[in-house]
Amino acid sequence: MIRIITDSTSDLSPARQEALGVDVIPLSVHFGEEVFRDGVDITNAEFYDRLSKVDTLPTTSQINPEVFADVFRKYLDQGDEIVGIFISSAMSGTCQSALIARDMVDGEDRIHVVDSRTVTFALGLLVEVAATLRDQGLSAKELAAKLEELAGRLRLLAVVDTLKYLKMGGRISTASAVVGALLNINPIITIENGLVEGIGKARGRKAAFQWIAKRMEKEAPDLSLPVSFGHTNTPEAMAECQSFFADTIGGATVHTSNIGSVVGTHVGPGATGIVYFRAE
């Protein structure tokens, strides 16, 4: 059997994890001296409630190799193979921890580690496709190779509702945040080179969706593959996003996700966006 393992930054709901038959290992979220296992000891709703009250942004810590090794040993002892799909190595050492753990358990031939080069519901969408390909009968080696190729075609485009958390994280100046708030400026973000980056801005959410739509004209989605919409604790914003892009992605399988702590820390509540695979 092929076991698919990912981390909690994939933002797959417990119900979706069970439906897909995947294992999700949590990173840790730190609010000062308090430490929570992402998605286990703290829900997304609890995370955003705490986030709204902090003066200093929370941090996250990677999964350590020993945690991976314990999971790997369990499945290797059962005769299984493993495909691990993890948060971008440019954002976290989690992927490196998985590689260290693979060496610890002498699993080089049976454990395949994929650096997704992305995060949040983009990582979740890659896991969705991985489960489908597994069920179609691909070998673990074939599956890992296909996922590496697909990771290069993933596109995440999202609009941020508030500049508060970007300012707190030092990604924009206080003056820019004040001016942006007064002008109703919404930053537009993507994943580039494995990191979250700002790529545009618009006045208001609808204008931001229009900006994203023009970007998608340059890199059209492959509608034979699924699409995902996500939000940071604001499902009504995601509903607007889905409605706006309904015609663009008509016919594609659609998934949804509540964006968790890793991206949510920097963009705050109210963000929403779309993830898709660029057509070849």
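## Helix H9 and methionine 216

Helices here are DSSP runs of H or I with at least four residues, and they are numbered from the N terminus. In this predicted model, one such run is helix H9, which spans residues 205-218 and contains methionine 216. The relative accessibility of methionine 216 is 3%; a residue is called buried when this value is under 20%, so methionine 216 counts as buried.

Beyond the neighbours within four places in sequence, methionine 216 is in contact with Leu157, Pro221, Phe245, Thr248, Ile274 and Tyr276. Aspartate 161 is 55 residues apart from methionine 216 along the chain, and the C-alpha atoms of the two are separated by 20 Å.

## The parallel sheet E2-E1-E6-E7

Four strands form an open sheet in the order E2-E1-E6-E7, and their pairing is parallel. At the edges stand strand E2 (22-25) and E7, each of which pairs on one side only. With direction ignored, neighbouring strands of this sheet are turned by 20 degrees against each other on average. Within the sheet, E6 and E7 run parallel and are joined by five bridges. Isoleucine 85 has valine 114 of E7 opposite it.

Two helices lie across strands of this sheet. Helix H6 (residues 140-151) lies across E1, E6 and E7 and runs at about 5 degrees to E7. H4 also lies across E1, E6 and E7, but its angle to E7 is about 165 degrees.

## Helix H4 and its buried face

Which residues of helix H4 (residues 94-104) are buried? They are Thr94, Cys95, Ser97, Ala98, Ala101 and Arg102. Viewed down the axis of H4, these buried residues fall within an arc of 155 degrees, so they line one face of the helix. Their packing partners are strand E1 (2-7), helix H3 (65-77), strand E6 (81-86) and strand E7 (111-115).

## Two loop residues with positive phi

The loop between H4 and E7 holds aspartate 106. This residue is not a glycine, yet its phi is positive, at about 55 degrees. Is aspartate 106 buried or exposed? With a relative accessibility of 73%, against a limit of over 50% for exposed residues, aspartate 106 counts as exposed.

The relative accessible area of arginine 117 is 35%, and the residue is partly exposed.

## The antiparallel sheet E4-E3-E5

A further open sheet consists of three strands in the order E4-E3-E5, with antiparallel pairing. Strand E4 (34-37) and strand E5 (59-61) each have a single partner strand, so one side of each is left without a neighbour in the sheet. From one strand to the next, the twist averages 30 degrees.

Strand E3 (residues 28-31) and E4 run antiparallel and are joined by four bridges. Phenylalanine 31 has glutamate 34 as its bridge partner in E4. Helix H2 (residues 44-51) lies across E3 and E4, at about 25 degrees to E3.

Strand E11 (residues 227-231) is mostly covered, and five of its five residues are buried. Val227, Phe229 and His231 point one way from the strand, while Ser228 and Gly230 point the other way.

E11 runs parallel to strand E12 (residues 254-258), and five bridges join the two. Across this pairing, phenylalanine 229 stands opposite threonine 256 in E12. Together with helix H10 (residues 235-244), E11 and E12 make a right-handed β-α-β unit. E11 also pairs with strand E13 (residues 272-277), in this case antiparallel and through four bridges. Here serine 228 stands opposite valine 275 in E13.

## Cysteines

How many disulfides does a search of the whole structure find? The search finds zero. Cysteine 95 has a relative accessibility of 5% and counts as buried. Cysteine 241 is likewise buried, with a relative accessible area of 0%.

Note on methods:
Residues numbered from 1 in each chain as written. Predicted model: local features only at pLDDT ≥ 70, side-chain atom pairs only at ≥ 80, totals over all residues. Heavy atoms only, no water. Buried < 20%, exposed > 50% of the residue type's maximum accessible area, 1.4 Å probe, protein only. Pairing = 2+ DSSP bridges. Right-handed = clockwise from strand over helix to strand, strands pointing away. Disulfide = S-S within 2.5 Å. Axes fitted to C-alpha atoms, helices over the stretch in contact; angles between N-to-C directions. Contact = heavy atoms within 4.5 Å. Arc of directions from axis to C-beta.
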